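Please read it with the sequence and the 3D view open.

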Amino acid sequence: MSKFWSPIVASLEPYVAGEQPAIANLVKLNTNENPWGPSPQVLEAIHAATNDDLRRYPDPSARALKEAIARYHDVTPEQVFVGNGSDEVLAFIFASLLKHDAPLLYPDITYSFYPTYSRLFDIETRTIPLDADYRIRPEDYDSPCGAIILPNPNAPTGIGLPLGDIERLASAHPDEVVAVDEAYVDFGGATAIPLVATNENVIVIRTFSKSRSLAGLRVGYAIAQRPLIEALERMKDSFNSYPLDRIAQVAAVASIEDDPWFTARRDELIENRRRLTVELENRGFVVLPSQANFVFARKPGFEGKALAAALRERAVLVRHFGKPRIADFLRISIGTEAECRRLVEALDDIL
Ligand SMILES: *Cc1c(COP(=O)(O)O)cnc(C)c1O
């Protein structure tokens, strides 16, 4: 507390990111980063852009990047909004599209930035419990509301909803925005981008951080019809005209253009997820069916907190959330084959 703080600062509950510690020989499976680096073409593009042009401001509209994203998803560049990581894109969405006189709905177990943004932007919310199998049930969202947001696949469960369920949500709420946060959709989920053409209320949020190995670059985007995108542009141009620097813009384009690299790494990760799931189940873990680059798992009879601490002592970091219903789960990011092996060896040592 300080007398210099504006009143809102004291009332905030900042998001707590997974730790990034400097431990030797660390196996870092706690923040859902990609275990492999980005495409070599991305690194080349970054080298090529590292020159005297950096004295100039970047393109404030990131036109070339929007065109690349639009081509990739078969939408128009005008239907694309880009920002400094999808967290920033989400912040603009909360502020400009999700704040209404009726409550914003989201799952009780979900991405923990949603309550943080709701508080920051003073948005009334109502959480909808996941069912006994930790699934989102679309029919539970039928009540009147101001807007809906959910990740698909959900985090930290990893469970995805089929496209038909998203469509049902969108048509049950034609006058409310339905925001679908697809941070993990590349790892096996069904994207709602095709719904944008026919649903004026659907907005899909994507990131380069997970499936494109570029968490350090900070690039995210949203796809929707013009009126929703225009709201985000108005918000962005009232906040920061240049959320994406020159290097981020060219590197993100290069990432989209190297599809073979992207699909090969993604397929390898999905295979590692399949194998790790089997290894965990062989050791008595309950593993939720994941369509993301992590698994959410618990070992009956073991406390999640203690298990995470024991792994940490063995230089293996996983994420633990001390929250009701999920306190005994560990969220384990899928690593390389060697990293997954280190995790399993550490577990064998502990168990
Ligand atoms: C990681 C994550 C994000 C944020 O990604 P950035 O683009 O790195 O800001 C957004 N939503 C969910 C559900 C995530 O897990």
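In which helix do Arg63 and Glu67 both lie, and how many residues apart are they? Point 2 gives the answer.

1. Basis of the note. This is a predicted model, in which local features need pLDDT of at least 70 and side-chain atom pairs count only at pLDDT 80 or more, while totals for chains, interfaces and linings use all residues. Residues are numbered from 1 along each chain as its sequence is written, and side-chain values use heavy atoms, with hydrogens and water left out.

2. Arg63 and Glu67 both lie in helix α3 (residues 63-73), four residues apart, or about one turn of the helix. Helices (H or I, at least four residues) and strands (E, at least two) are DSSP runs, numbered from the N terminus. Arg63 and Glu67 form a salt bridge, with 2.9 Å between the closest N and O atoms. The term salt bridge stands for a side-chain nitrogen of Lys or Arg within 4 Å of a carboxyl oxygen of Asp or Glu. In total the structure holds 18 salt bridges.

3. The interface between the domains. Domain 1 has 31 residues in contact with 33 residues of domain 2, where contact means heavy atoms within 4.5 Å. The size of an interface is often given as the accessible area lost when the parts come together. Here domain 1 and domain 2 bury about 2700 Å² between them, and 59% of that is on carbon and sulfur atoms. Buried area is the accessible area (1.4 Å probe) that two parts lose on being put together, summed over both.

4. Two salt bridges are found across the interface of domain 1 and domain 2. On the side of domain 1 that touches domain 2, the elements giving two or more residues are α1 (7-11), α10 (259-282) and β10 (294-298). Of these, α10 gives the most, with five residues.

5. An unreviewed UniProt entry places the feature "domain: Aminotransferase class I/classII large" at residues 25-347. UniProt positions are given in the numbering used here, feature names are shortened, and annotations may be inferred rather than shown by experiment. Over residues 25-347 the chain is 38% helix and 15% strand, and the end C-alpha atoms are 17 Å apart.

6. Backbone details. Asn152 and Pro153 are joined by a cis peptide bond, with omega about -5 degrees. Another cis peptide bond joins Ala155 and Pro156, with omega about 5 degrees. Pro153 lies in the loop between β5 (147-151) and α6, and Pro156 is found in the loop between β5 and α6. Tyr134, in the loop between β4 (125-128) and β5, has a positive phi of about 65 degrees although it is not a glycine.

7. Ser171. This residue lies in helix α6 (residues 163-172). The side chain of Ser171 reaches the backbone oxygen of Glu167 at 2.7 Å.

Definitions and conventions
A polar contact is a pair of N or O atoms within 3.5 Å; within protein, one must be able to donate a hydrogen and the other to accept it, and residues adjacent in sequence count only if both atoms are side-chain atoms.
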